[in-house]
Amino acid sequence: MNKRSRFILILVVLALCYAFLRPSITWYFKTPADVQKVALSSLEKIKDESEKKAREEVSSLLAKAKEGADAELDASYAYVVKAAKKAYKAADKEVPAVMNVGAVLSAFGSAAELQAVFEDHYRNFYLKAKNAYTNSVKLGLDLSGGMNIIIRADLDEALAKQRESSEVDNPEAFKTQAMTQAVETLTSSIDKFGLTSPVIRQQGEDRIYVEIPGSADGESVNSIVQGKGILNFRLVDEEATSKFAQYYAGVGPDAFKADGSLADPSVIAADCEVFGYYTKDAYGLDQRLGYIAVKKEIALDGNHVKAATVSRDTTTGQTEVNFSLDSEGAEIFAKFTGAHVNERLAIVSDSKVKSAATIRQAITGGQVSLSGGFSVEEAQNIQKVLQTSYLEVPLKVESQQIVGASLGKQAIQQGLKAITLGLALVLAFMLVYYLGAGFNAIVAQILNMYIMFSVLSAFNLTLTLSSIAGMILTVGMSVDANVIIFERIKEELALGKSRAAAIASGFDNAFWAIMDSNITTFIAALFLSQLGTGSIQGFAVSLAIGVCSSVFTALVVSRLIFDFNTEVVGKKKMSIGWGVK
């Protein structure tokens with residue numbers, strides 16, 4: 001590889017690394033703490049915050065207009081001015097030469113249209129920050145603080161309970177379904193609890209791993225784990241739903257108190273209550289579509305549901321959700337549906353409306369079919385909701401570890417100090433011992449750390465204490481390649497070769513020695529990453545990344561610097577050690 005090819009390769013690598021590292025830089029250094037807090041919350045909370053900000057902005061503009069319609073807008077309102085100009089053009093009106101407060105307000109037909117502009121801006125702003133976090137290096141529990149829980153699901157007991165009410169043809173398939181549902185229910189419950197970006201995944205056959213960054217109350221989390229999803233069927237009150245919709249359009253999220261209750265209970269009838277109407281978005285998250293008022297009286301408890309399946313109607317081709325009830329539930333449901341034909345029946349799960357279908361006729365026999373133009377995904381989501389009522393899987397907390405945020409902050413500071421001090425000492429030694437050539441090692445080491453962090457960011461890997469330990473070890477190990485190269489060059493110079501010949505021979509002769517040592521280290525790191533878990537895996541991943549980046553910087557970056565000084569700068573002598581000329 002010639003000098004130009006190396007230079008182009010290095011530029012490409014540095015550009016890619018910057019692109020990978022940019023989300024981390026944006027999130028950790030450019031995103032304010034208050035924005036991070038909103039971005040880390042659920043989509044529902046982001047929507048509420050965006051609506052709140054939009055209403056505040058509209059009120060602010062209206063207040064400015066009362067003071068004087070000719071008041072100027074600062075640069076922060078550039079997006080509003082742009083939207084106003086677009087609105088003028090869409091209405092075939094002349095765009096005012098000066099876009100002051102009055103001109104902007106006149107561009108929109110109503111305050112709601114202006115509020116929609118502000119809401120779009122804040123939604124995109126918070127979602128952009130959320131996306132930056134998603135694509136950035138994550139801090140592990142040992143650095144950010146929080147709670148680590150391992151939960152055991154008693155699948156045998158769940159199977160035994162199911163056999164008390166119905167026959168189970170395939171026990172293994174039932175256990176798999178029950179475990180999937182346990183994870184789903186637990187995820188929904190913890191998300192409802194309002195925790196920040198929890199990690200919940202199945203571990204083995206019957207364990208669930210939960211990692212909750214930030215401060216979390218252990219007792220509250222335990223109550224969630226021990227609890228069970230509450231599901232029931234309730235009649236929709238269309239009049240109350242309409243009244244609340246009008247009320248919410250005027251006050252927005254202020255319609256609710258901090259505890260979730262209505263700020264003005266008189267808005268709806270005393271026998272009703274309001275729940276959010278949710279569906280799953282493309283990411284599998286609960287997304288609120290609006291609000292529905294339902295009767296407080298429960299028409300049918302979810303405990304009467306015995307099975308739920310998804311099928312397709314052979315006549316219409318529509319996707320349906322079918323579920324069966326026990327004998328008591330079938331009798332209750334037949335009477336209720338017969339008395340409320342052409343009214344909507346809501347499926348309420350954990351204070352969320354998951355479906356609201358119209359009752360077409362009295363449903364008898366305990367076999368219920370829900371249809372309404374569902375997509376397959378929507379039908380499967382309703383099926384999962386129904387399964388929470390009968391797939392009751394006992395959960396038990398096996399281990400729980402709480403790491404304080406202050407400890408995590410201290411660990412980060414100590415890790416950074418260790419990396420900085422280790423890097424400084426290694427580079428100082430290289431400068432003292434190898435003189436001018438030590439500068440090559442300094443540049444290679446700095447780029448080595450830059451590439452390592454970029455790769456961590458590119459693959460959304462988690463930075464833990466063990467990862468930092470792997471980086472610190474890499475700092476010491478990666479300089480070995482430079483040492484081997486420098487010593488080989490010194491040997492070639494001792495034979496009387498010229499600078500250019502000594503450099504070429506030094507790199508050629510050192511190549512396989514460097515590759516052999518790093519390949520063996522990489523193989524060891526690869527096996528550790530595959531066979532190890534937790535901190536061992538984090539250490540192995542960072543070590544493997546460091547091995548690859550150190551080989552690149554030693555063989556490509558360092559070589560380019562040597563060649564540049566030889567062929568471009570025109571140096572004839574080598575500054576590569578005491579007594580070497």
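Hi everyone. Of the 581 residues in this chain, 44% count as buried. Please keep in mind that this is a predicted model. The average pLDDT for the chain is 81, and 86% of the residues score at least 70. One stretch to treat with care is residues 192-196, where the pLDDT is below 50. That stretch still has 12 contacts in the model beyond near neighbours in sequence.

Let me give you the overall picture. The chain has 18 helices and 15 strands. If you take contacts between residues at least 6 apart in sequence, 72% of them join residues at least 24 apart. As for the surface, the chain exposes about 30,000 Å², and carbon and sulfur atoms supply 56% of that.

Now, on to the inside. Which residues touch the most other members of the largest nonpolar core? They are Ile485, Phe486, Ile489, Phe562 and Ile576, out of 37 residues in that core. The elements that each give two or more residues to this core are α14 (405-434), α15 (437-458), α16 (465-494), α17 (499-531) and α18 (535-568). Among these, α16 gives the most, with nine residues.

Setting aside residues up to four places away in sequence, Ile489 touches Ala502, Ile503, Gly506, Phe507, Phe562, Met574 and Ile576. Apart from this core lies another one, of 20 residues, and its members include Ile149, Ala153, Ile200 and Ile208.

Next comes Arg344 with Glu238, a salt bridge in which the closest N and O atoms are 2.8 Å apart. Arg344 sits in strand β11 (residues 344-349) and Glu238 in helix α11 (residues 238-251), so this pair ties together parts that are 106 residues apart in sequence. Arg344 is partly exposed at 24% relative accessibility, and Glu238 is partly exposed at 40%.

Then we have Arg559 and Asp563, with 3.3 Å between the closest N and O atoms of the salt bridge. Both of them lie in helix α18, four residues apart, again about one turn of the helix. What about their accessibility? Arg559 is at 13% and Asp563 at 8%. Buried means under 20% relative accessible area, so Arg559 counts as buried, and so does Asp563. There is a further partner too: Arg6, Arg559 and Asp563 are linked in a network of salt bridges.

Phe7 is placed in helix α1 (residues 3-30) and is partly exposed, with a relative accessible area of 45%.

Two more residues before I stop. Val58 is in helix α3 (residues 43-67), and it is buried, with a relative accessible area of 6%. Which residues does Val58 contact, leaving aside neighbours within four places in sequence? They are Ala111, Leu114, Gln115 and Phe118. For Gln115, the C-alpha atom is separated from that of Val58 by 6.1 Å, although the two are 57 residues apart along the chain.

My other pick is His304, found in the loop between β8 (300-301) and β9 (305-312). His304 is a loop residue, yet it is buried, with a relative accessible area of 12%. Not counting residues up to four places away in sequence, His304 touches Ser324, Leu325, Asp326, Glu328, Gly329 and Ile332.

Note on methods
Residues are numbered from 1 along each chain as its sequence is written. This is a predicted model: local features need pLDDT of at least 70, side-chain atom pairs count only at pLDDT 80 or more; totals for chains, interfaces and linings use all residues. Side-chain values use heavy atoms; hydrogens and water are left out. Buried means under 20% relative accessible area, exposed over 50%, partly exposed in between (1.4 Å probe, protein chains only). Contact means heavy atoms within 4.5 Å. Accessible areas come from the Shrake-Rupley method with a 1.4 Å probe; for residues, only the protein chains shown count as cover. A nonpolar core is a set of buried Ala, Val, Leu, Ile, Met, Phe, Trp, Tyr and Cys residues joined through side-chain atoms within 4.5 Å. A salt bridge is a side-chain nitrogen of Lys or Arg within 4 Å of a carboxyl oxygen of Asp or Glu. pLDDT is the predictor's confidence in each residue, from 0 to 100.
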